[in-house]
Amino acid sequence: MTRDPYPLAWAKRNLSIDLGVEQLLAAENNDRKIAVEVKSFIRESRIADLEQALGQYTLYYDILKRTESERKLYIAIPVNAFTELF
């Protein structure tokens, strides 16, 4: 992990993704850069949590695509929330 949180500046706003990671892949011999948005899904409504998580993911994805296209964005959610939703 290289940054916790990972800063994301856009339109004079300071946003942040929960984790920024850079990993060396020996087999390919190049750097792999990712960012991970961690969501807890603790509200009563899993759908409301999903809507918020997808909104953040979409916003961060679009910004990263324009500013750091080599960085791949992931979202982390609890297994029980994933099972209930999908």
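**Exercises on contacts, core and rings**

Asp49 touches Phe41, Ile42 and Arg43, with residues up to four places away in sequence left out; contact here means heavy atoms within 4.5 Å. The model is predicted, so local features need pLDDT of at least 70 and side-chain atom pairs count only at pLDDT 80 or more, while totals for chains, interfaces and linings use all residues. Residues are numbered from 1 along each chain as its sequence is written, and side-chain values use heavy atoms, with hydrogens and water left out.

**Exercise 1.** Give the order of the elements in the protein, from the N terminus on.

Solution. 
- Step 1: Count the elements. The protein has two helices and five strands. These are DSSP runs numbered from the N terminus, with helices (H or I) of at least four residues and strands (E) of at least two.
- Step 2: Read them off in order. The sequence of elements is β-β-β-β-α-β-α.
- Step 3: Look at the range of the contacts. Of the contacts with a separation of 6 or more, 43% are between residues 24 or more positions apart.

**Exercise 2.** Describe how strands S1 and S2 pair.

Solution. 
- Step 1: Locate the strands. S1 covers residues 6–10 and S2 covers residues 13–17.
- Step 2: Find the sense. The two strands run antiparallel, over five bridges; strands pair if DSSP finds at least two bridges between them.
- Step 3: Check one position. Pro7 has Ser16 of S2 opposite.
- Step 4: Inspect the turn. Two residues lie between S1 and S2 in this hairpin, and Ala11 in the turn has a positive phi of about 50 degrees.

**Exercise 3.** Does Asp49 count as buried or exposed?

Solution. 
- Step 1: Asp49 belongs to helix H1.
- Step 2: Apply the cut-offs. Buried means under 20% relative accessible area, exposed over 50%, and partly exposed in between (1.4 Å probe, protein chains only). Asp49 has 7% relative accessibility and therefore counts as buried.
- Step 3: Buried residues account for 27% of the 86 residues in the protein.

**Exercise 4.** Which residues make up the largest nonpolar core?

Solution. 
- Step 1: Define the set. A nonpolar core consists of buried Ala, Val, Leu, Ile, Met, Phe, Trp, Tyr and Cys residues joined through side-chain atoms within 4.5 Å.
- Step 2: List the members. The eight residues are Tyr6, Leu8, Ile17, Ala35, Tyr60, Ile63, Leu64 and Leu73.
- Step 3: Assign them to elements. S1 and H1 are the elements that give two or more residues to this core, and H1 gives the most, with three residues.
- Step 4: Follow one member. Beyond four places in sequence, Leu64 touches Leu8, Ile17, Ala35, Ser69, Arg71 and Leu73.

**Exercise 5.** Describe the surroundings of Lys39.

Solution. 
- Step 1: Lys39 sits in the loop between strand S4 (30–38) and H1.
- Step 2: With 16% relative accessibility, Lys39 counts as buried.
- Step 3: Neighbours within four places aside, Lys39 contacts Ala53, Gln56, Ile75, Ala76, Ile77 and Pro78.
- Step 4: The side chains of Lys39 and Gln56 make a polar contact at 2.4 Å. A polar contact is a pair of N or O atoms within 3.5 Å; within protein, one must be able to donate a hydrogen and the other to accept it, and residues adjacent in sequence count only if both atoms are side-chain atoms.

**Exercise 6.** Classify the aromatic pairs in the structure.

Solution. 
- Step 1: State the rule. Rings of Phe, Tyr and Trp (its six-membered ring) pair if their centres lie within 6.5 Å; planes under 30 degrees apart count as stacked, over 60 as edge-to-face and the rest as tilted. The structure holds two such pairs.
- Step 2: Tyr57 and Tyr61 have ring centres 6.0 Å apart and planes at 20 degrees, so this pair is stacked. Tyr57 and Tyr61 are four residues apart in H1 (residues 46–67), about one helical turn.
- Step 3: Phe82 and Phe86 form a tilted pair, at 5.1 Å centre to centre and 40 degrees between the planes.
- Step 4: Phe82 is partly exposed at 44%, and Phe86 is exposed at 60%.
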